[in-house]
Amino acid sequence: MYQRDFDAAQEFLLAAKNYWTTTMFRTLRATHIELMADVKDSARKTDQAVDALQTKTLYMYFAWLERHLQRMKYTGRYGLIPFHAERRDSLLETIETDCHDDYSPELHPKMRLPTYYKLMDTHQHPGGLWADEIAGFVYEFGARSTTPLMGDAHNELHRRFTDFATGEAEFSRVLDMGCGFGKSTLPFITRFPNAHVEGIDLSAPCLKVAAQTARDSEYRNVHYRQMDAQDTKYDDESFDLVTSTMLLHELPTEAVNRVLDEAFRLLRPGGHMVHLDFHIIPDEFRRFLHYGHAVRNNEPFMQDLAEMDLNAVLSAKGFENITFSQFAESKNIDPDDNDVWRFPWTVISARVPGG
Ligand SMILES: C[S@@+](CC[C@H](N)C(=O)[O-])C[C@H]1O[C@@H](n2cnc3c(N)ncnc32)[C@H](O)[C@@H]1O
């Protein structure tokens with residue numbers, strides 16, 4: 001496959017996704033508002049209108065496009081999978097496997113991956129992030145257009161989250177749980193050059209990409225390890241900041257509980273925990289679209305996280321100063337903006353008592 005054909009096809013898909021995110025979303029929302037006017041029972045206006053919306057061709061087309069644009073992005077003729085598979089050898093050559101320096105990720109090839117992780121092709125990525133050794137490259141490319149309106153500024157969200165999560169505070173030991181290929185870890189590495197940052201993930205292919213990026217950078221304060229965030233191998237009170245981005249919604253509820261327990265155990269007294277995930281959804285219409293997105297994007301636990309009473313869960317575990325804040329998808333999109341489709345980004349933050 002020629003690079004230019006791949007680029008053209010992926011640009012076309014992104015343009016179609018932008019149309020879906022803006023024009024189609026607006027029309028769908030206007031239709032929902034019209035349908036609400038027809039509902040007599042004022043207490044159930046929004047959800048009855050949502051029921052009616054599901055029978056409209058526009059909604060079916062919206063849902064079809066959401067599912068199939070993502071499918072074409074990965075497995076279409078010019079998809080990420082065939083493109084990267086053709087370049088397998090040259091991609092793998094970019095990773096220095098025979099050097100055992102501080103940047104070599106700690107990998108455990110015999111590690112038993114949790115069942116939920118292997119259950120389905122999350123994001124419609126065939127084989128998920130674990131089955132193919134080039135999955136980290138594929139995911140890195142795919143993540144550039146997860147937030148379609150952000151274009152080349154797709155890293156901005158993670159950087160802004162890091163600034164928001166840390167404020168004026170200084171941290172010396174930071175753990176990024178579910179770090180993927182290091183996109184969420186990098187802003188912490190650069191924000192705290194004197195701190196030591198650990199990135200953990202289940203995906204060996206992603207960790208290899210993350211570690212190579214670290215090796216190629218000027219920063220020397222990070223180590224990546226293959227670990228399950230539910231049960232890490234670190235000692236108690238090893239960190240003063242535990243963070244994650246887009247990890248919790250990928251976990252079944254029991255696993256979310258175990259990850260939060262683990263964060264509590266790993267934090268020193270007074271330590272901070274901050275997650276960026278999908279939680280606060282202020283209205284029924286957006287909830288309906290978000291839960292539909294979960295099904296269409298193969299994210300079976302997304303709805304459970306949105307409906308979890310996290311405040312009660314975190315209090316019961318002993319956390320204090322628990323806060324939930326809506327977070328803008330990009331500097332230009334207000335979290336209350338109803339004009340475009342966007343993820344229900346929420347910063348979930350809490351602190352361990354003492355310190
Ligand atoms: C949506 S990705 C987010 C990656 C990264 N934080 C980012 O923002 O780009 C979720 C990551 O969580 C990882 N993951 C899922 N379950 C995990 C677990 N139990 N322990 C560690 N990582 C996990 C996945 O392999 C994946 O890399």
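Reader: How many residues surround the ligand, and which are the closest?
Author: This is a predicted model, in which local features need pLDDT of at least 70, side-chain atom pairs need 80 or more, and totals for chains, interfaces and linings use all residues. Numbering starts from 1 along each chain as its sequence is written. The shell (C-beta placed from the backbone, within 6 Å of the molecule) holds 23 residues, and the closest are Gly178, Gly180, Ser184, Ala229 and Thr245.

Reader: How does the shell around the ligand divide by class?
Author: Ala, Val, Leu, Ile, Met, Phe, Trp, Tyr, Cys and Pro count as nonpolar, Asp, Glu, Lys and Arg as charged, and the others, Gly among them, as polar. On that basis the shell has 13 nonpolar, six polar and four charged residues.

Reader: Is helix 7 largely enclosed or open, and which helices do its buried residues pack against?
Author: Seven of the nine residues in helix 7 (135–143; a DSSP run of H or I, at least four residues) are buried, so the rest of the structure largely encloses it. Buried requires 20 or more other C-beta atoms within 10 Å of the residue's own; Ala135, Phe137 and Glu140 are among those that qualify. Their partners, in contact when C-beta atoms lie within 7 Å, belong to helix 3 (57–75), helix 4 (80–86), helix 5 (88–93) and helix 10 (204–216).

Reader: At what angle do helix 2 and helix 12 pack?
Author: Helix 2 (45–53) and helix 12 (284–296) have their axes (lines fitted to C-alpha atoms over the stretch in contact) 9 Å apart. Thr46, Asp47 and Val50 of helix 2 meet Glu284, Phe285 and Phe288 of helix 12. The angle, on a scale from 0 to 180 degrees between N-to-C directions, is about 40°.

Definitions and conventions
Helices (H or I, at least four residues) and strands (E, at least two) are DSSP runs, numbered from the N terminus. Two residues are in contact if their C-beta atoms, placed from the backbone, lie within 7 Å. A residue is buried if 20 or more other C-beta atoms lie within 10 Å of its own, exposed if 12 or fewer, and partly exposed in between; C-beta atoms are placed from the backbone.
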